[in-house]
Amino acid sequence: MSEKIYDVPAEWAKRAWVDQAKYKEMYARSISDPNGFWAEQAKRIDWMHAPTKIENVSFAPGNISIKWFEDGILNVAHNCIDRHLAKRGNQTAIIWEGDDPSQSRHITYQELHDEVCRMANILRTRNVQKGDRVTIYLPMIPEAAYAMLACARIGAIHSVVFAGFSPDSLAQRINDCKSKVIITADEGLRGGKKVPLKANVDAALAKADDVDWVVVVKRTGGKIDMNPTRDLWYHEAAAMVTTECPVEHMHAEDPLFILYTSGSTGQPKGVLHTSAGYLVFASMTHQYVFDYHDGDIYWCTADVGWVTGHSYILYGPLANGATTLMFEGVPNYPDNSRFWSVIDKHKVNIFYTAPTAIRALMQSGDEPVKKTSRASLRLLGSVGEPINPEAWEWYHRVVGDDRCPIVDTWWQTETGGILITPLPGATKLKPGSATQPFFGVVPEIVDADGKALEGATTGNLCLTRSWPGQMRTVYGDHARFEQTYFSTYPGKYFTGDGCRRDEDGYYWITGRVDDVINVSGHRMGTAEVESALVAHEKVSEAAVVGFPHDIKGQGIYAYVTLMAGVQPTDELRKELVTWVRKEIGPIASPDQIQFAPGLPKTRSGKIMRRILRKIAEDEPGSLGDTSTLADPAVVDDLVQNRQNKK
Ligand code: PRX
């Protein structure tokens, strides 16, 4: 916890869209007159039919229903591209920076229009209709943006699957939303290493029968198999279609995309976002939180496979006619100065990244940063996990030369856009705090019984009101939507996060309070890793918890009980790590595996994770009450053989 407070720099209060007085006034209005407030905000986008109904929301048990701007008609791709053409046709929409520093491209709004139309026409000629699902499994190349916007243009629902996921994870996501078309590349390129995307798709499709077409972008030219009746090269198909493609007229609540995310139980769920509310919210937050002005060069380092890439590389910035940078590579290739060199090369003004990257780069000292200029930088942002005050201070002092405010933005895949955040011209900063709610957002901290706590307090974070960017349902499973988010505290949306509010009303997110862990800013359900482990023939039982990790924020700690007669060896440990990487993807690799003859269970058979967490955290002295365990003796063995012993 940091006691330091950073005032709003005078020039920021002057130049920003919102200063402190304006924040107070707009926030008050957003709460007292949400319909009036959001009706005005809706004007930031173009409508084929402007909405007359603004908010229509019920959080009532048994009737969760969220609708915004429901009688409006629009097209998201039109808003992100076509409406800018008259004024900005020649302005750069996307700066693409390749993995190899010698490769970069500027794509104007006109070029973006033409490429998106081509991609849309390819999909149309493959009979993709409004409402059909298209799975996108691409690296960070411009075609990922073309593909997403092409879907939006013709009313197809995209489901982007992060290119680091395994064939099994991909297959499961293709099957869940019944995609008939996949868009992929031959190979991806990250940090000089190739990622076999098309081969992964081939493996996934052995488990997903309903796919008719695979569109393949040539990225590396590496050798791949093409199935002549199913696979087509993007560049060949693109040469046969035109650069004109009329936009589909979409209702405000027509789905825009599905994005799978991990929860505390079961398989990842398809978070569904719809068209108008999402776009209004993504564009508004992008403008105000990053204080985006015409001509600014803006860079969000996320991958389009995550929600941050959807809202803050693509939809928010492009709706605002911004220049957005898309980076194919990684922060430490070819060296640890890469981020800062890219900032200098493209004169980036606004830079948005994750604490895990900051902590990793901080480890290599100040020199790789200081040898670059970064004079163009004006604002820094952070997202994905709590940022520890040390990393915040380093980011501020070394990267931002004590000059750039930091916006620590709290939000979730489910929220569509940023909900708790400073506004750089309005909010005093406290390192480690996401500070204050965005317009229309009403956070509430509750105790275990759901009682709202007042003043300075700690508890679980809920939101009592809807906002336009809120997810609408879990794709194909509305009951699960209600169960996951609205059943713990009826009448409120429960975020799954713990939170403290201080005496100034500032919010400090303390991390997940459910069985979700946050590894390098990536959400991982412990249940998913456990089911991958027990799928191995030598494993009889597994329990997974998170533990504090210097770089990743949280690491993955797996307790594994082996089948009778199987020897616990270091080779087997390695084999299990490789197995999980193969089953889910590298982001799920366990950091520690402890072989456990038994797991601590209650007499009713429930695993006591609280105890497992303490052991993983190397705090055997604070296990608490173990008397309710069926066999208290298993704990001694676990403590003795713990892997994180200091
Ligand atoms: O625990 C919170 C953490 O990330 C979770 C959401 O993860 P995901 O849906 O993958 O979205 C990440 C990008 C928006 C939250 O429940 N989280 C996100 N941002 C912050 C954060 N925790 C603390 N501070 C943040 N700024």
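## Packing around helix H8

The buried residues of H8 pack against strand E6 (133–137), strand E7 (157–160), strand E8 (181–185), helix H9 (197–205), strand E14 (255–261) and strand E15 (269–274), where two residues are in contact if their C-beta atoms, placed from the backbone, lie within 7 Å, and where helices (H or I, at least four residues) and strands (E, at least two) are DSSP runs, numbered from the N terminus. This is a predicted model, in which local features need pLDDT of at least 70 and side-chain atom pairs count only at pLDDT 80 or more, whereas totals for chains, interfaces and linings use all residues. Residue numbers start from 1 along each chain as its sequence is written.

Within helix H8 (residues 167–177), the buried residues are Pro167, Ser169, Leu170, Ala171, Arg173, Ile174 and Asp176; a residue is buried if 20 or more other C-beta atoms lie within 10 Å of its own, exposed if 12 or fewer, and partly exposed in between. Lys178, with a positive phi near 50°, follows H8.

## The seven-stranded sheet

An open sheet of mixed pairing is formed by seven strands in the order E5-E4-E17-E16-E18-E19-E20, two strands being paired if DSSP finds at least two bridges between them. Strand E5 (104–108) and strand E20 (406–409) stand at the edges with a single partner strand each, so one side of each is left without a neighbour in the sheet.

Strand E16 (residues 297–300) and strand E17 (residues 323–327) run parallel and are joined by three bridges, and Tyr298 has Thr324 in E17 as its bridge partner.

## Annotated binding-site residues

The unreviewed UniProt entry carries a "binding site" annotation that covers Arg190, Gly191, Gly192, Lys193, Thr308, Asn332, Ser520 and Arg581; such annotations may be inferred rather than shown by experiment, and UniProt positions are given in the numbering used here, with feature names shortened. These residues span 392 residues in sequence and their farthest two C-alpha atoms are 24.0 Å apart, so they do not all gather at one spot.

Thr308, found in helix H12, is buried, with 25 other C-beta atoms within 10 Å, and, not counting residues up to four places away in sequence, Thr308 touches Cys300, Ala302, Val383 and Gly384. Arg581, found in helix H19 (residues 570–583), is partly exposed, with 17 other C-beta atoms within 10 Å; leaving aside neighbours within four places in sequence, Arg581 is in contact with Pro586, Ala588 and Ser589.
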